[in-house]
Amino acid sequence: PEVKLGQYKGVEVEKELYVPTEEDIDNEIKHMQERIAHIIDLPAGTAMESGDTAIIDFEGFIDGVAFEGGKGSDYPLTIGSHAFIPGFEEALIGAQVGVEQDVNVTFPEDYQAEDLAGKAAVFKCTVTKLQEKQLPELDDDFVGEVSEESDTVEEYREEIKNKIAARKADEAKAKKEEAVVDAIIADAQMDIPDAMLDTQQRQMIQEYAQRLQYQGISFEQYLQFTGMTHEMLMDQVKPQALRRIQSRLVLEAVVAAENITATEEEIEEELKKMAEAYRVENDKVEEMLGKDGRKQIADDICVRKAADFVVEKYLDAAVLYDRIQEGEQAEIYILDMIMAKRTGIDLGSLIRKVGGDSVIIYITSSDEYAMEAYGVHAVRYLLKPVSSESFFEAMDSARSSVRGRRKLKDGGRNRGGALFGD
């Protein structure tokens, strides 16, 4: 589909900063303890407790009649995981292996399967196996087993803190990219064919089914356990499918607009990574990908480059203000008066920091005409530096766009603002 890009440079998004807490570190360590915990089968007669994992057979009845999707066997359920409807897992606390137990629950009013929503049901459950995790002690021996960098618990906690900070930084980067791309999508124009959306929805469901398979759960079992249907899943993934298509299309449009390309070295490096992942030779990967595989790799590299490009070009008002305070200069600045008033920043001090050789354009957020005239219709920044070349290009474009409605006078001086400088 054809995509008409709006603003994709200088998009403003919220900045996130995260500092790991002691609770974060404790949770991360506990997660590692659980990963290497010993799983033991509990003896017959043991009563189930919260946190235990049970292998269960179950069948659900409403008014004494079994309902579709309410039956399962050899299902692994960890008590407290909230994998089932409210009340189900709690009712199994105290259950014993081999003893059938009735679990009385009521389906939520907003349950996905409308024919079950709000109805009372009885599940006949039998625990066939009961298991428990035995966590290792948090001591230096444990650290030696799980870490190649630390020798003591204290060192390991610092290691975990740094890893959490790095992971959160990566997550913040991904969120920033998502927010920037969402802003670009909102300002772009495109029509997504129904067939393209339908194909994307089916692909996402297929990907999810494969992930379930890796966990030892078939797609059919998942539908049974959740009461979902294929049609319900199609509706559920539709917003994500639409966003995935829109994201790809706008980034491909940025690739075209900025003439972004992939080098042979980058393609070979990507093939090398794929070969290492599949443990085969590079030429085998190309054979697996087919005749268009190399082009697809190049396209994917270009899209990633486009994502990096738009993120690098986004402006954070707070960071920009700090740079000006530190003495950074530009040829032209656009000052949003209303935003400045909201922040309570000392404008006199700020303007003196800018310097006498720069040009400042004063506008107000409510004056849409002024924003259009200056080529900054989506101004959301306190102070935005632009080059003189891009400014005069915008002015020429603005003169053309407003001709016949209102003329710019005196090189841009009008009711929406005033130019100051040489």
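Guide: Begin with S247, which is buried, with a relative accessible area of 11%. Keep in mind that this is a predicted model.

Visitor: Why is S247 called buried?

Guide: A residue counts as buried when its relative accessible area is under 20%. S247 has 11%, so the word applies.

Visitor: Where is S247 placed, and which residues is S247 in contact with, leaving aside neighbours within four places in sequence?

Guide: S247 is in helix 7. With those neighbours left aside, S247 is in contact with V181 and I185.

Visitor: How do I read the helix itself?

Guide: Start with the general idea: an α-helix has 3.6 residues a turn, so residues three or four places apart point the same way. Then look at the case here. Helix 7 covers residues 230–257, 28 residues in total. From first C-alpha to last, helix 7 reaches 39 Å, close to the 40 Å expected at 1.5 Å a residue.

Visitor: Where in helix 7 does a kink lie?

Guide: At K238, shortly before the proline P239; the kink is about 45 degrees. After helix 7 comes N259, with a positive phi near 55 degrees.

Visitor: Is I29 buried or exposed?

Guide: Buried: the relative accessible area of I29 is 2%. I29 lies in helix 1, residues 22–35.

Visitor: Which residues does I29 touch, not counting those up to four places away in sequence?

Guide: I29 touches L138, F142, Y156, R157 and I160. Take Y156: I29 and Y156 are 127 residues apart in sequence, but 9.0 Å apart in space, C-alpha to C-alpha.

Conventions:
Residues numbered from 1 in each chain as written. Predicted model: local features only at pLDDT ≥ 70, side-chain atom pairs only at ≥ 80, totals over all residues. Heavy atoms only, no water. Helix = DSSP H or I, 4+ residues; strand = E, 2+ residues; numbered from the N terminus. Buried < 20%, exposed > 50% of the residue type's maximum accessible area, 1.4 Å probe, protein only. Contact = heavy atoms within 4.5 Å. Expected span 1.5 Å × (residues − 1). Bend = angle between axes of the 7 residues up to and from the residue.
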